[in-house]
Amino acid sequence: MAFFPVLLLLLSVVQRGSSQDPDEDTLAVPRGCGWGLVRPYTLLCDLDSVWGVAVESAAAGGALAAILLGLIILCRLHHVSEAEKRSGVGPILLLLLGILGLFGLSFAYLIERDEQLCLLRRALWGLLFALCFSCLLVQGVRLRRLGSERRSPGGCTLTGLALGLSAVQGIIAAEWLLLTVLREGRAACQYLPLDFSLACSYVLALLLAALGAASFALCGKTRQWRCNAVWLLSACLLSLLLWVAWVGFYLYGNAWLGRSPDWDDPALAIALVAQGWLLLLFHAVPEAHSCLCSPPQPSAPDYFDTSQAPSRMRETSFDEDIPLSHRQFPENQGYGFDENTAGLRSAGHHNGNTAPRPSAPFRSNVYQPTEMTMILNGGAVPSAPPTYTGRQLW
């Protein structure tokens, strides 16, 4: 915000240098223009027309936020290693460029009309909106591919597609200007609001296509990208509501209130700033966060932490992993156990001791690897040593 006083000072110096009657211009300075800013730039500082100051502040803050977000993405681009996330960086940067253009074009509605300014407004209005909505459309296509096929087109392909779609609106605007200004000889500032709205029909078609693509992306099989699809769908729905509101007010609201010529520029300027902030908050920021965040690292289980739940290795039955040659002994365990028990009992009777001698547990004859042995062997069950014959009972 610090560069705006400098900008106002430069504009005032240029205007004063080109003015032929300084006294008349000084008397025309409205309240709040302390820098001596004169017409046609008085809406930038006129406190009596507070909408100009509000639009200027909102547009300046949005432009600064878009520039900072773009710089953050460019600085952290080398940290994005996944191809699925890198494919969305190009459309995001292109969208930020379009958002910056929307905020910049709003300043053109804070200056009094002249022929060159009206040509700029009519040429860039639909083109900037088409650029933004084309980015939303290709993002919907990308999320649809990621949700169904788990792969996406490249970032350069998506960026080229968005530029190609927005170029159509540039051709429409150029033809409209050629037909009305050059062929019919009309002034660039003399056009009907209905003609201005009809020239943006292709932009509305792009918005509806982006809304459909976001709806299809929400029905994908992979849940990882559903959050991105929800943000995209929200941005498209809110943009559609905003367009219905400003078109209805621009065509019928001003005439119904009796403010048709005076409130045309404020309605268009507010629509530009509102659309820029909407795209910035509901799509650019969540999508940039999704692309730049690092994937969660799987945590290794701690086998020595007794507070944790028993690991899967303890619950797994190792009998299926033991070769058949090492499972021959447990198959005859019933006979061996009976013979050992009978021998222990007979030995107790021969020795004259009536108390039963504690017998060794049966599992002492089976090779049982410890958990530390399994960890050192990479989780595989080691086989018994060749010289292992089972511990002796006595």
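Helices α9 and α10 run roughly antiparallel to each other, a label for angles over 145 degrees. This is a predicted model, in which local features need pLDDT of at least 70, side-chain atom pairs count only at pLDDT 80 or more, and totals for chains, interfaces and linings use all residues. Residues are numbered from 1 along each chain as its sequence is written, and side-chain values use heavy atoms, with hydrogens and water left out.

Let's look at that helix pair. Helix α9 covers residues 201-218 and helix α10 residues 226-257; they pack at an angle of about 150°, with their axes 9 Å apart. Their contact (heavy atoms within 4.5 Å) involves, among others, Leu204, Leu207 and Leu211 of α9, and Leu233, Leu237 and Trp243 of α10. Sorted by class, the contact has 17 nonpolar, two polar and one charged residues.

Trp243 also leads us to the aromatic rings. Phe129 and Trp243 form an edge-to-face pair, 5.2 Å centre to centre with 90° between the planes; rings pair if their centres lie within 6.5 Å, and planes over 60 degrees apart count as edge-to-face, under 30 as stacked and the rest as tilted. This pair links distant parts of the chain, with Phe129 in helix α6 and Trp243 in helix α10, 114 residues apart. Both residues, Phe129 and Trp243, are buried, meaning under 20% relative accessible area with a 1.4 Å probe, protein chains only.

Notes: Axes are lines fitted to C-alpha atoms, for helices over the stretch in contact, and angles run from 0 to 180 degrees between N-to-C directions. Helices (H or I, at least four residues) and strands (E, at least two) are DSSP runs, numbered from the N terminus. Angles under 35 degrees count as roughly parallel, over 145 as roughly antiparallel, 65 to 115 as roughly perpendicular and the rest as oblique. Ala, Val, Leu, Ile, Met, Phe, Trp, Tyr, Cys and Pro count as nonpolar, Asp, Glu, Lys and Arg as charged, and the others, Gly among them, as polar. Rings of Phe, Tyr and Trp (its six-membered ring) pair if their centres lie within 6.5 Å; planes under 30 degrees apart count as stacked, over 60 as edge-to-face and the rest as tilted. Buried means under 20% relative accessible area, exposed over 50%, partly exposed in between (1.4 Å probe, protein chains only).
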